[in-house]
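Here's a quick briefing on the model you have open. Have a look at the sequence and the fold, then read on.

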Amino acid sequence: MTAPSNPERINNGPAIEFDRASFRLNGRPLLNDLVLSVKRGETLVLLGRSGSGKTTTLKLINRLLLPTSGEVRVNGQRTADWDPIRLRRSIGYVIQDGGLFPHFTVERNIALVPQIENWPRARIESRVRELLATVGLSEDLLSRYPSQLSGGQRQRVGVARALAADPPILILDEAFGALDPITRSEMQKEFRALQQRMKKTVIFVTHDLREALLLADRIALMEDGRLVVNLVSAEFSRSGDPLVRAYLEAFSGLPDPKQS
Amino acid sequence: MNFLQFMMANHRQVLDLTLEHITLAGVATLLAALVGIPLGILITRVPRLSKPVLGGANIIQTIPSLALFGFLLPAPWIGARGGRLAILALALYGLLPLIRNTYAGIQGVDPAIVEAGRAMGLTDRQLLMQVELPLASGVIVAGVRIAAVLSIGLATIAAAIGAGGLGEFIFRGLAMVNNQVILAGAIPAALLALLADFALGRLERRLGTLRSRT
């Protein structure tokens, strides 16, 4: 790990920066010259359809992928220079349906990162209980396996697991995509409340415009591996960009989520 | 003298040969697991080795067992005792199911689960020990089961090179043209195979539920 040259920038600069980052797979470009920065404590929603490069963008943050050109910086340091294990343990990751380990109980799932970080037992136990309360689950569930939970419960456990070691950054990939509409709406509201309290840096991937408008401080719309617009959430609906218009059109039959 | 009377009259020898048979097949299966499981793990980590390793194990499998015993006979130390030689040959036969099942078991773990583990900052080793191997354990035990049943069956031929086991009765019975004596070897060997299949099958189903807990 190389020490960053300018510690000032580390403390005050953006949490995440994409500097003309591209990613190609077997010659096929999945992401083109992405320039984007995410401020500390900000919630950025990456909006776009399947194949637009949203998930690739997320994976560049926690170094599941390295950019084939350009660079991605987390806390001012290039992801290529980070120890991948340290980097990933400082970034909570939530995927669709929780991505829980099927052979671990709820307790072990949530405790995994603190455990591999060698926290003392008592601290892990109290942390797990605290997190369950945070995501609104009963302690009765601790000894259950993921298959014994409802979809919404699994998703809550997934969020608790990502928060376990109190990472400053949280990335979520279609996190609520597998939930029924009512549970989904509940989770969105709870997540927003949680985020206002925790003030973590959040990058949230979704293809659902309503979800984006509800959760985002800023929305980055992607298409074909390119960033189309990057707007403060309130300005998004007023944008004249044709793709934004197309999105608004597609969701126009629905009531304005800001009023719900 | 019918079969049961023969068994009663020779129960001492039947027991001895059965124990010998279990030792041959058991040690061979253990050896095959000790080599096959790590090899199976290795080829999930170094994919370019998977073809040669699986191909090699496949070729061993196609050598007729009597010929394999014959090949190994001149080998130093190993060839000196029938028992050693038989164990080595049986272990070689057990390699393929163990390598193949370990490989297939690990490859078959849901990629989303593996990626979630990696994204959480598990090291390669932690990912293997805490996620991949436990979730592959049902399929790996199925490999052990195939290897064990195979060894128990093939071990009867080991008597041809003086390794003992229940094959002794079979070969003796063939020479004497006496069906009772043949059955005294064949039936206990078949029962052993069924017993191993049943016991390992239960373990396999138990471990298999780990994976279905999704």
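**Start with one phenylalanine**

A:Phe176 sits in the loop that links strand 7 (169–173) to helix 7 (181–198) of chain A. Helices (H or I, at least four residues) and strands (E, at least two) are DSSP runs, numbered from the N terminus. Keep in mind that this is a predicted model: local features need pLDDT of at least 70, side-chain atom pairs count only at pLDDT 80 or more, and totals for chains, interfaces and linings use all residues. Residues are numbered from 1 along each chain as its sequence is written, while chains are lettered from A and ligands numbered from 1 in the order in which they are written.

**Around A:Phe176**

- Is A:Phe176 buried or exposed? A:Phe176 counts as buried because it has 25 C-beta neighbours inside 10 Å.
- The burial scale runs like this: buried means 20 or more other C-beta atoms within 10 Å of the residue's own, exposed means 12 or fewer, and partly exposed is in between, with C-beta atoms placed from the backbone.
- Beyond its neighbours within four places in sequence, A:Phe176 is in contact with A:Gln155, A:Arg184, A:Met187, A:Gln188 and A:Glu211; contact means that the two C-beta atoms, placed from the backbone, lie within 7 Å.
- From A:Phe176 to A:Ile91 it's 85 residues in sequence and 18 Å in space, C-alpha to C-alpha.

**Chain A overall**

- Chain A has 10 helices and 10 strands.
- Its radius of gyration is 18 Å, which agrees with the value near 18 Å for a compact globule of 260 residues; the radius is taken over C-alpha atoms, and the globule rule is 2.2 Å times the number of residues to the power 0.38.
- The C-alpha trace of chain A spans about 50 × 50 × 35 Å along its principal axes.
- Buried residues account for 43% of the 260 in chain A.
- Of the chain A contacts between residues at least 6 apart in sequence, 68% join residues at least 24 apart.

**The six-stranded sheet**

- Six strands of chain A make an open sheet with mixed pairing, in the order 6-7-8-3-9-10; two strands pair if DSSP finds at least two bridges between them.
- Its edge strands are strand 6 (91–95) and strand 10 (226–232) of chain A, each pairing on one side only.
- Helix 6 (residues 151–163) of chain A lies across strands 6 and 7 of chain A, at about 165 degrees to strand 6. Axes here are lines fitted to C-alpha atoms, for helices over the stretch in contact, and angles run from 0 to 180 degrees between N-to-C directions.

**Strand 1 and its partners**

- Strand 1 (residues 16–25) and strand 2 (residues 28–38) of chain A are antiparallel over seven bridges, and A:Ile16 stands opposite A:Val38.
- These two strands form a hairpin with two residues between them, where A:Asn26 in the turn has a positive phi of about 50 degrees.
- Strand 1 of chain A also runs antiparallel to strand 4 (residues 69–74) of chain A, through five bridges, and A:Glu17 stands opposite A:Arg73.

**Where the chains meet**

- The contact takes 17 residues from chain A and 18 residues from chain B.
- Helix 6 of chain B gives the most to its chain's side, with six residues.
- The predictor gives the complex an ipTM of 0.84 and a pTM of 0.85.
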